[in-house]
Amino acid sequence: MFFALEISAEPEKIFPWIDNPEKAMRWQKGVKKGKIIEERPEKVGTTFIEEMGNGAKTLEMKGIITDHIENKTIAFHLESKLHKVNVSYSLEGKNGKTILKTEADIHWKFPMNLVNIIFGRKIRKDIQEQMETEFEELKRLCEQENNQTTKWNWKIKHDKQKNMDLLVA
């Protein structure tokens, strides 16, 4: 599965929303909790557990960061009793905007591989809809934070100019 989204913010503003587990859980509504098992300074090789859930049903996923370039890309290998997933996020910034590209490769384990044969189209549609909803929330959070930072920077610049005017007078 592939998904791309344009966000009105620089990669430096977006990447923490993907890289930081607490921030990521704010837009990834299916993740109920997460725990880092072993953190590596270079990030690649960091292992973690996530609990995915929808109501009372939960699914534990074990993960490892397989690629990490600050503000550019991050990739994970995730595994549960139902499936294995390789997912990557890449960010390309230009003129104050960023294209976020996400690619997810899902391999179903038995018996889900049989269920996928019968209901694969419906499963893919549901996953695609969940991704679209989550990425719209990510976009909203990033652009909201970017707008607040822009307003804050304008206020600081404006206040500095006012102070300079007072010093000159």
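The lining of the largest pocket comprises 29 nonpolar, 10 polar and 10 charged residues. Ala, Val, Leu, Ile, Met, Phe, Trp, Tyr, Cys and Pro count as nonpolar, Asp, Glu, Lys and Arg as charged, and the others, Gly among them, as polar. The model is predicted; local features need pLDDT of at least 70, side-chain atom pairs pLDDT 80 or more, while totals for chains, interfaces and linings use all residues. Numbering starts from 1 along each chain, and side-chain values use heavy atoms, without hydrogens and water.

A pocket is an open set of points on a 1 Å grid over the protein atoms alone, where a 1.4 Å probe fits, with protein on both sides within 12 Å along at least five of seven lines; lining residues have an atom within 4 Å of a point. Val-31, Met-52, Met-61, His-83 and Gln-130 lie nearest the centre of the largest pocket. Helix α3 gives the most to its lining, 9 residues.

Salt bridges (a side-chain nitrogen of Lys or Arg within 4 Å of a carboxyl oxygen of Asp or Glu) number 12 in the whole structure. Glu-51 pairs with Lys-33 at 4.0 Å, N to O. This pair links distant parts of the chain: Glu-51 lies in strand β3, Lys-33 in strand β2, 18 residues apart. Helices (H or I, at least four residues) and strands (E, at least two) are DSSP runs, numbered from the N terminus.

Glu-137 and Arg-140 form a salt bridge at 2.8 Å between the closest N and O atoms. Both residues lie in helix α3, 3 residues apart. Glu-143 also bridges to Lys-139, at 3.3 Å, N to O.
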